[in-house]
Amino acid sequence: MVLSLRDVELSLQGNAGMVDILHGISLEVAKGDTLGLVGPSGSGKSSLLMLMGGLERATGGEVKALGNDLTAMDEDQLARFRRSHMGVVFQSFHLIPTMTALENVATPLELAGVTDAFDRAAEELKAVGLGHRTDHYPAQLSGGEQQRVALARAAAPRPDILLADEPTGNLDQATGEAIMDLLFDLRDRHGSTLVMVTHSTELAARCDRTIRLVDGRLDAETRNAKAAE
Ligand SMILES: Nc1ncnc2c1ncn2[C@@H]1O[C@H](COP(=O)(O)OP(=O)(O)O)[C@@H](O)[C@H]1O
Ligand SMILES: [Mg+2]
């Protein structure tokens, strides 16, 4: 299993004491599978995704990625693991504003020790249709273009696991559809395992499987007979 969660609990310190966010989550995601996470706002979808990506630490249970127990890793080990195995895309893009599109994509490659990081980054930007925008800063790009840069950045290190948190949430319908096509295309080209939080029933239907969260618990699982390409 690429991802394997067992009895996962997450409680975080809030202003008024501990907040219990996730309760007894167990699930598995096989290699190449695409899982959609759906559910009402505040149900814990983003928190669950962050646990899978090692960006948040479970307070109980076990989170395994590619056979490695993320709950047993220290911060350095987690950072290294994320760099080589995980690509994450957020609703609000999370690009570094002081870096050009090219620098945003090349920097994680450099950190991962790729020698031709800038050439690779340029190729990745071309692959998402932004070959002509490499020297632009995020503020000079539209939302859809910024998300293309974020996709290129996430995909450039060829991660085994792609995580996306409402990647089209800040985009208009047509732009969002183009971004989704790119995301599914990346999955196909690189054989990545994809876990995606989405509010869109259309997007959920494109996943092999969807899991619904309610109040931090697994509520229902749907296997889509024929995930549309
Ligand atoms: N850092 C935090 N500290 C305390 N509570 C949090 C924190 N992050 C999220 N929460 C709470 O956890 C619950 C789930 O949040 P989240 O995972 O963002 O849900 P979703 O993505 O499904 O909207 C919410 O009630 C939210 O207020
Ligand atoms: Mg969320």
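Leaving aside neighbours within four places in sequence, proline 40 is in contact (heavy atoms within 4.5 Å) with Lys45, Arg212, Leu213 and Val214. The model is a predicted one, in which local features need pLDDT of at least 70 and side-chain atom pairs count only at pLDDT 80 or more, while totals for chains, interfaces and linings use all residues. Residues are numbered from 1 along each chain as its sequence is written, and side-chain values use heavy atoms, with hydrogens and water left out.

Proline 40 lies in the loop between β3 (34-38) and α1 (45-52); helices (H or I, at least four residues) and strands (E, at least two) are DSSP runs, numbered from the N terminus. Because its relative accessibility is 36%, proline 40 counts as partly exposed, the class between buried (under 20% relative accessible area) and exposed (over 50%), with a 1.4 Å probe and protein chains only. Histidine 199 is 159 residues away from proline 40 in sequence, yet their C-alpha atoms are 8.3 Å apart in space.

Strand β6 (residues 86-89) is covered on both faces. Met86 and Val88 on one side, and Gly87 and Val89 on the other, are all buried. β6 runs parallel to strand β7 (residues 161-165), and four bridges join them; strands pair if DSSP finds at least two bridges between them. Within β7, leucine 162 is the bridge partner of glycine 87.

Turning to the helices, two packed helices are described by the angle between their axes and the distance between the axes. Here axes are lines fitted to C-alpha atoms, for helices over the stretch in contact, and angles run from 0 to 180 degrees between N-to-C directions. Helix α5 (residues 143-155) and helix α6 (residues 173-190) pack at about 10 degrees, with axes 10 Å apart. The pair is therefore roughly parallel, given that angles under 35 degrees count as roughly parallel, over 145 as roughly antiparallel, 65 to 115 as roughly perpendicular and the rest as oblique. Gly144, Gln147, Arg148, Leu151 and Ala155 of α5 meet residues of α6 including Ile179, Leu182 and Leu186.

The axes of helix α3 (residues 101-111) and helix α4 (residues 117-127) come within 8 Å and cross at roughly 125 degrees, which means that α3 is oblique to α4. Among the residues making this contact are Leu102, Val105 and Leu109 of α3 and Phe118, Ala121 and Leu125 of α4.

Methods: Chains are lettered from A and ligands numbered from 1 in the order in which they are written.
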